[in-house]
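Below are my notes on what I looked up, in the order I got to it.

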Amino acid sequence: MIPILLRKQYSAARRRHMGPITALIFVFLRVLAYTFLRLENSAWQGLWQQYEPWFKHLTSRKYRTADPLRYLLQAIFLVFVRTAPTEKNILFVSFKKAWSALLDQRNRLNKFLASHAKPVVAKSPLRKAFRNPRHLFKAIINKRLKIFVMVLFGTFIVFLMMLLVTQPFSLLAQFVFVLLLWAVAMVVRRVPGRFSSLMLIVLSLTISARYIWWRYTSTLNWNSKMDLAFGMILLAAETYSWIVLVLGYIQTAWPLNRKVAALPQDRNTWPTVDLMIPTYNEDLNVLKPTVYAALGMDWPTDKLRIHILDDGRRESVREFAEQAGVGYIIRANGMHAKAGNLNNALKETDADLVAIFDCDHVPSRSFLQLTVGWFLRDKKLALVQTPHHFFSPDPFERNLNHFGKQPNENALFYGLIQDGNDLWNAAFFCGSCAILKRSAVESIGGFAVETVTEDAHTALRLHRKGYNSAYLRIPMAAGLATESLSAHIGQRIRWARGMAQIFRTDNPLLGKGLGAFQRICYLNAMMHFLAGIPRIIYLIAPLAFLFFHSYIIYAPAIAIMLYVLPHMIHASLTNSATQGAYRRTFWGEIYETVLSWYIARPTTVALFFPNKGTFNVTAKGGLIEEEYFDWKMANPYIFLALLNIMGLWFGVWRLWVGPVNEQATVIITMLWVVYNLIVLGGAVGVAAEVRQTRQSHRITTSLLGDIIDASGYMYSGVLTDYSDAGVGMKLSNTTALKEDDRVELVLTRGARQFSFPGRISRNFDGNIGIHFYALSQQQQIDFVQCTFARADAWLTHNRDFTLDRPMQSFVDVLLLSLSGYQRLAQYLPFPLSWLMERLIQAVVWVLSFLPRIRPIVY
Amino acid sequence: MQVTICGLRGGVGATSVAAMLADTLSIMGETVLVVDLNPSDLLRLHFNVPYADLNGWAFGEANKSGWHQHTYKVKDNLYVLPYGRNGVATLDAEQLASINGPVLWSTTDVVAMTGYAWVIFDVPHDLEQYASLRAGSDLDFLVAHADMASHILLGQYPLAENTKVLVNHLNIKQRLSDAVMLDWNIRYAKNLAPSNIRKDLHVQEALAHKMPATTYFPDSSSKRDLSSLATWCLVQRGTLT
């Protein structure tokens, strides 16, 4: 009996990966303990039950060599260090009570605000005007207030604001002031509705204006030339950021959320449409789905003409166009790239409206029916733009692995900024997924050809000419995202250069025809691309203090904290409230940092020499066959990171040997450096390219579908994903289906059903994969129309997004940054990578001895 | 709700549809009585009621025991009233003459009498005397195939306001049926049932097991088709539970 028990114990110990000797000792100790301590009685068992959660991190994994020490350390921590929340410690208990009561109160307040504050906005007398915000000011001025009252009121407000911003405070007064504003912000941000975001914007503007005023008036050291030079550079960068912040608030304060305008019943009044698909060198497989989807668009057949504008003049494309029965337009030369291509096509076509889709943007069937209504309602309307949606992950999403989990880089622009622009009648043309009025485009001499971003420039000219634009935030087309980081950066360089060109050649601040807010919207769009140099300044500014002992912010550490932190916190809170659904807090820093180095030069060059620069086509639809680290792209960031690490060493050294009265400043500066390192780590992580081997991107979905097996049995299931080569399905019973069986997939489109022949490529756990088998062209068309081109295909893309929580987001960015450095270490050349790996292992090993300060409970 | 289901011609599967619709409605929690008016008496087999039992409404009417007595309870909320072909075969000529289905069913308000939420009649396609029963129904399905024969027959068929053409055995792979459906969608827009039943071998096999496919093959597409048809029926009543 006893030998069996011992053997059982021994093998259990062995199963936890103990060595034979360790296992023997373990069993021996266990027997010893049971002999003398009666571990089976309830007191011991209760003790173990109470304290087991504290040891879970050790018990739930395999045994490792130094585990006895870890158990010991954890036990020592539990016995000696941890102050148990017993009644003896009255202070602790009362504090905890008070804290939870406070949290309770806050929750109740939030609930109260959420339940009661909303109707106040709804009942506001301005509500009616807000509903049609284009006429907001007109309504206020005409109906409610005389102009001079407005002016009087405005002057008074501006005067008060000036007072508030310029009034110097003592440190204590400033402390109380920022604390009060912060408290207000914390309460207000939970209130639903636009009132709260406007309130947050006002608070943030106040704090930030005070900050920038303080920076200009009291933080420059005029006595030292070096301090002044470095300080001015930083201040210039901060001024830029401040202007962008303010302009951004104006731009996004009130997103229009334009609704669809219904078309008239009488189809004869519907305008004719030329649907143009410009292409240059993209693969035919990229072009095909777009054309097939366009063929299925819901519009009277005699009023819709589809044209492929092939600047590559390829025979294969011409043949394809003929087969598919769509127009094929080419021109003699390739002047002015895409804009020239479109202009040439304008000459050869004559429909009232021109819809433009890049050849990789598959339109959904509803596009025309949802967009054209606005042209009939607003005779001065020249453009309806819709979002660019991508069904493949962009380099950020792929390399940082957050595709489908949180908004991507361009979600902010298409989710919020364009919608905000629309309020001020300044929605831009984005080159694709848009529909324009031919007469308007012709009246400005066709698409603008002077810059490399013909789209924004065309929109600017339309606005100057007095035309309106509209933005409809419904994703009605989807395409491929750029395939690699270098391609992505290349695309952004082009945009940045183009925007800088427009800024120089056709400055939106000057010239006729634009309203003040239109100018602001255009200005901000262009300013946004100038972010490169200021960002680099932020990344190296603290080093000026750590290396050269230069006081770039000439103020006591405590004052810096009291001005900088509120400024940053309020900006983050406000941005989280207004744009959290479209961009996570802190993620913008990473996006901007990655681009900064590369757009710094082209934008600067374009600002001084606007006519330089060529058009480059963004490569799409490619594969990344092997994981690699894009050293070329990452080099600047590694260099900056090394600089910052050196700065950190200098900081430590200065803490050690420097004067005591400087220590606070040194610590603050080091924190700044650490923040820079975090952001740079994220940027470095993006450069580690993750493999992308699928030629066809699988799009996850949830559609009803059926399959018919070879003998005629039909099974119902759910389509879980699709690509142009096959689909994945979930069936509740797949036992009758075998791999390589021939089946027919049945999909529904409206009242019609279509079948597609295929073979079962995998059958696992109720999920089957179907590979298409010899689809005819008509079947390919039907398939695209049953899947990619569905009206609701892209509506639920943000279904799995979680809410933005700034602190959580910061933790995410921190982890991302760490993994960025880790991946960098992996790809270092041999001795270095080995060394780094060991180093990381050593750090992890040392950390593993730290006792857990919280029990693990599930 | 009274529902009549009648084939446009023989062999279009009206009886299977009646069995599956009754079964689906009962799965959705409705109490259902399904009545077979066909002398061929096939419906009982869908619910495993053997011919050896002589019971059936016609038999009951003839021997004056009343049709109520001949109802089979298949599930807690699903009742089947067969024709009683083998029972009828035992009768003499005088008794036979007393069977008059059309008069019986069009003058009896079965729903009010029995309290079932749904009474479904499987009406023979070749007995025009049932026209008034069908006209008095809340829903009247005319089961057809999407093929040329049905197309021609349907063209000559007097479609009443409450009649919905229900396409059965729809073959997705055939271009002809797709074309016929496109035509019917325009031609019979108001008289076309919103969903159709696709061709699925599960239905035939289920009869071999003497069960409706909706219960015997819950993963089949016919189950999905009948579910959407039954849901539409519930919506027609005005309450969706």
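Predicted model: local features only at pLDDT ≥ 70, side-chain atom pairs only at ≥ 80, totals over all residues.

I started with A:Leu510 and looked up what it touches: leaving out residues up to four places away in sequence, A:Leu510 is in contact (heavy atoms within 4.5 Å) with A:Arg464 and A:Arg519. I found A:Leu510 in the loop between helix H22 (485-505) and helix H23 (516-528) of chain A; helices (H or I, at least four residues) and strands (E, at least two) are DSSP runs, numbered from the N terminus. Is A:Leu510 buried or exposed? Its relative accessible area is 57%, so A:Leu510 is exposed (buried is under 20%, exposed over 50%, partly exposed in between, with a 1.4 Å probe and protein chains only). I also checked A:Leu510 against A:Pro757: they are 247 residues apart in sequence and 61 Å apart in space, C-alpha to C-alpha.

Residues are numbered from 1 along each chain as written, chains are lettered from A and ligands numbered from 1 in the order written, and side-chain values use heavy atoms, without hydrogens and water.

Next I went to where the chains meet. Chain A puts 20 residues into the contact and chain B 16 residues. Together they bury about 1,700 Å², 47% of it on carbon and sulfur atoms (buried area is the accessible area, 1.4 Å probe, that two parts lose on being put together, summed over both). On the chain A side, A:Tyr713, A:Met714 and A:Gln753 lose the most area to chain B, together 38% of what that side buries.

How many salt bridges are there between chain A and chain B? I get 3 salt bridges, a salt bridge being a side-chain nitrogen of Lys or Arg within 4 Å of a carboxyl oxygen of Asp or Glu. One I looked up joins A:Asp706 to B:Arg224, with the closest N and O atoms 3.6 Å apart.

Last stop: strand E6 (residues 139-144) of chain B. Since 6 of the 6 residues of this strand are buried, it is largely enclosed by the rest of the structure. B:Leu139, B:Phe141 and B:Val143 point one way from E6(B), and B:Asp140, B:Leu142 and B:Ala144 the other way. E6(B) pairs with strand E1 (residues 2-7) of chain B in the parallel sense over 5 bridges (pairing takes at least two DSSP bridges between the strands). B:Leu142 is the bridge partner of B:Cys6.
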